[in-house]
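Visitor: I have not looked at this protein before, and I would like to learn how to read it one feature at a time. Could you show me where to begin?

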Amino acid sequence: MSHSLDSGQAPAHAAASGSSDTTRERILAAAMDEFARHGIAGARVDRIAKLARTSKERVYAYFRSKEALYAHVAVRELSVIAEATQIDPSDLPGYAGRLFDYFTARPDHHRLITWGRLELADAAATEADPTQAAITRKLDQLRQAQRAGQLSPAWDPADVLALVNQIATTWAAQPELAEAAAEHATDSSTAARRAAVVTAVEQLFPRAV
């Protein structure tokens, strides 16, 4: 996502006690489910409150708006994704495989991030945007790999990252095609889809030897 994610949390005293912390975590879990299902515009705070076994007022005590709640959930999820799928510029096929595995196991997480891209596309990015910061770090890693001779310098690092990410999330981004493949592909297994992703990236960006 190229927009700014301002978590917009209410003052810290709103979550002073252990009980409040537990309520807050229930709210975040419920919000994750609600935003993944309905997006930002379609999400309803009353449904989030009900699923979290609390009140709308309590939700707003932690987060000043629905958009601020989404921002907090998205930032936290992006951090989890980054930790679970760390890039290794000398092994981009392996990185693609980790991305594939993560979103295959958690399709709702991919939907959560996609909603933000669609609905917040016009929001201005800022220097504090954690998404942009993560992208910048990965681009720097790719440039370092090129200087070290681990990755062909013929590619712009921005193109490398965009292509690898796109290939790795092909099936998560096209569930209707994944459904068709499950019925019509010569090998309908998830392992076959993963192997295709890894092979495609390997052919574009071979592992360093």
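Guide: Let us begin with the secondary structure, which in this predicted model comes to 11 helices and 0 strands.

Visitor: What share of the residues is buried, and which residues have the most contacts inside the largest nonpolar core?

Guide: Buried residues make up 38% of the 209 residues in the protein. The largest nonpolar core has 43 residues, and those with the most contacts inside it are I27, F35, L69, L92, L112, L142 and V164. Helix α1 (residues 18-42) supplies the largest share of this core, 8 residues.

Visitor: Why is E34 counted as buried?

Guide: The place of E34 is in helix α1, and E34 is counted as buried because its relative accessible area is 5%, where the cut-off for buried is under 20%. Apart from neighbours within four places in sequence, E34 is in contact with G39, G42, A43, R44, R47 and I48.

Visitor: How far apart are T23 and R58 in sequence and in space?

Guide: T23 and R58 are 35 residues apart in sequence and 8.6 Å apart in space, C-alpha to C-alpha. T23 lies in helix α1 and is buried, with a relative accessible area of 10%; beyond its neighbours within four places, T23 is in contact with T54, R58 and Y62. For the protein as a whole, 70% of the contacts between residues at least 6 apart in sequence join residues at least 24 apart.

Visitor: What does helix α11 pack against?

Guide: In general, an α-helix has 3.6 residues a turn, so residues three or four places apart point the same way. Helix α11 (residues 190-204) has 15 residues and reaches 22 Å from its first C-alpha to its last, close to the 21 Å expected. The buried residues of α11 are A192, R193, V197, V198 and V201, and they pack against α5 (92-105), α8 (157-168), α9 (170-173) and α10 (175-184).

Visitor: How much space lies in the largest pocket, and which residues are closest to its centre?

Guide: The general idea is that rolling a probe the size of a water molecule over the atoms shows where empty space is left. Here the largest pocket holds about 710 Å³ of space. Its lining has 27 residues, of which L78, R117, I135, K138 and N165 are the closest to the centre. The elements that give two or more residues to this lining are α4 (66-84), α5, α6, α7 (130-147) and α8, and α7 gives the most, with 7 residues.

Terms used: Residues are numbered from 1 along each chain as its sequence is written. This is a predicted model: local features need pLDDT of at least 70, side-chain atom pairs count only at pLDDT 80 or more; totals for chains, interfaces and linings use all residues. Side-chain values use heavy atoms; hydrogens and water are left out. A nonpolar core is a set of buried Ala, Val, Leu, Ile, Met, Phe, Trp, Tyr and Cys residues joined through side-chain atoms within 4.5 Å. Buried means under 20% relative accessible area, exposed over 50%, partly exposed in between (1.4 Å probe, protein chains only). Helices (H or I, at least four residues) and strands (E, at least two) are DSSP runs, numbered from the N terminus. The expected span of a helix is 1.5 Å times one less than its number of residues. Contact means heavy atoms within 4.5 Å. On a 1 Å grid over the protein atoms alone, a cavity is a set of points where a 1.4 Å probe fits but cannot get out, and a pocket is an open set with protein on both sides within 12 Å along at least five of seven lines; lining residues have an atom within 4 Å of a point. Grid points are joined across faces, edges and corners, and a volume is the space filled by probe spheres set on the points.
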